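Here's a quick tour of a protein model for you to follow along with.

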Amino acid sequence: MGGYSYDWSVITNNKEVFIDGAIKTLEISALALLLAIPIGIIFGLGRISSNRIFNSISSIYVEVMRGVPLLVLLFWIFFVLGQFVRLGPYWSAVVGLAVFSGAFIAEIVRAGIQAVPKGQMEAARSSGMSHFTAMRYIVLPQALRRVLPPLASQFIILIKDSSLVSIISVIDLTMNAKNLVATSFRPLEVWTFVAVIYFVMTFSLSLIIRYFEKRMLSREN
């Protein structure tokens, strides 16, 4: 940019601001993930359930969540649901991210279960297992190995999506960066460093997932 004089001291002089924001972002993402996984498993099972009501509810949930922008969902939860349930900005963000990501995890779970050969379930049932036991001990472990890579991608997307929660006044990395830009007038330095922090967080998560993938593959071999 012509005439723009870079001053990276804004980063070193405010490192606590970035560290605090990054911790809050990871905290919100981790809590949302803990809620999104069971939501995704439940509605993923619902998508392949023979129970029409459960199947219909799961399908409607998945399609609505996939069709609604996360930004709008956060507004709905904070401003509309907030009139009936006092969640506050922090938990509105956690719930919004969890409900939104749960729909995508549900589709990943559904695809993973359907990728397991039907003969596995039939063999388990013929050996005397109930449908629930066969699903828990035979089908889901095999499905988990298949869905791990797309789940890792979804977790990374969740961390990046968390940057939107600042619109409902949640103090996270993005909100801290906005405030710092407003007082330092150093948008390029601040937002570039924020991008680096997000990359480090998501790349580290990607390496952790790869480690577990390799461990699972080595156990199979």
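Contact here means heavy atoms within 4.5 Å. With that in mind, look at contacts in the protein chain between residues at least 6 apart in sequence: 73% of them join residues at least 24 apart. One thing to remember throughout is that this is a predicted model.

**The whole chain**
- The protein chain has nine helices and zero strands.
- Reading from the N terminus, you get the run α-α-α-α-α-α-α-α-α.
- The C-alpha trace spans about 75 × 50 × 30 Å along its principal axes.
- Of the 221 residues in the protein chain, 37% are buried.

**How α2 meets α3**
- Two packed helices are described by the angle between their axes and the distance between the axes.
- The crossing of α2 and α3 is left-handed.
- On the α2 side, the residues in touch are I39, I42, F43, L45, G46 and R47, and they meet F54, N55, I57, S58, S59, Y61, V62 and E63 in α3.
- Sort the residues of this α2–α3 contact by class and you find eight nonpolar, four polar and two charged.

**How α3 meets α5**
- Helix α3 also packs with helix α5 (residues 88–115), at an angle of about 120 degrees and with the axes 9 Å apart.
- That angle makes α3 and α5 oblique to each other.
- Here too you'll find a left-handed crossing, as α3 passes α5.
- From α3 come Y61, V62, M65 and R66, while α5 brings A98, V99, F100, G102, A103, F104, A106 and E107.
- The α3–α5 contact has nine nonpolar residues, one polar and two charged.

**A closer look at Q154**
- You can find Q154 in helix α7 (residues 131–161).
- Is Q154 buried or exposed? Buried means under 20% relative accessible area, and Q154 has 8%, so Q154 is buried.
- What does Q154 touch, not counting residues up to four places away in sequence? Its partners are S101, F104, I105 and I108.

Methods: Residues numbered from 1 in each chain as written. Predicted model: local features only at pLDDT ≥ 70, side-chain atom pairs only at ≥ 80, totals over all residues. Heavy atoms only, no water. Left-handed = near helix turned anticlockwise from the far one by under 90°. Helix = DSSP H or I, 4+ residues; strand = E, 2+ residues; numbered from the N terminus. Nonpolar A, V, L, I, M, F, W, Y, C, P; charged D, E, K, R; others polar. Buried < 20%, exposed > 50% of the residue type's maximum accessible area, 1.4 Å probe, protein only. Axes fitted to C-alpha atoms, helices over the stretch in contact; angles between N-to-C directions. Parallel < 35°, antiparallel > 145°, perpendicular 65-115°, else oblique.
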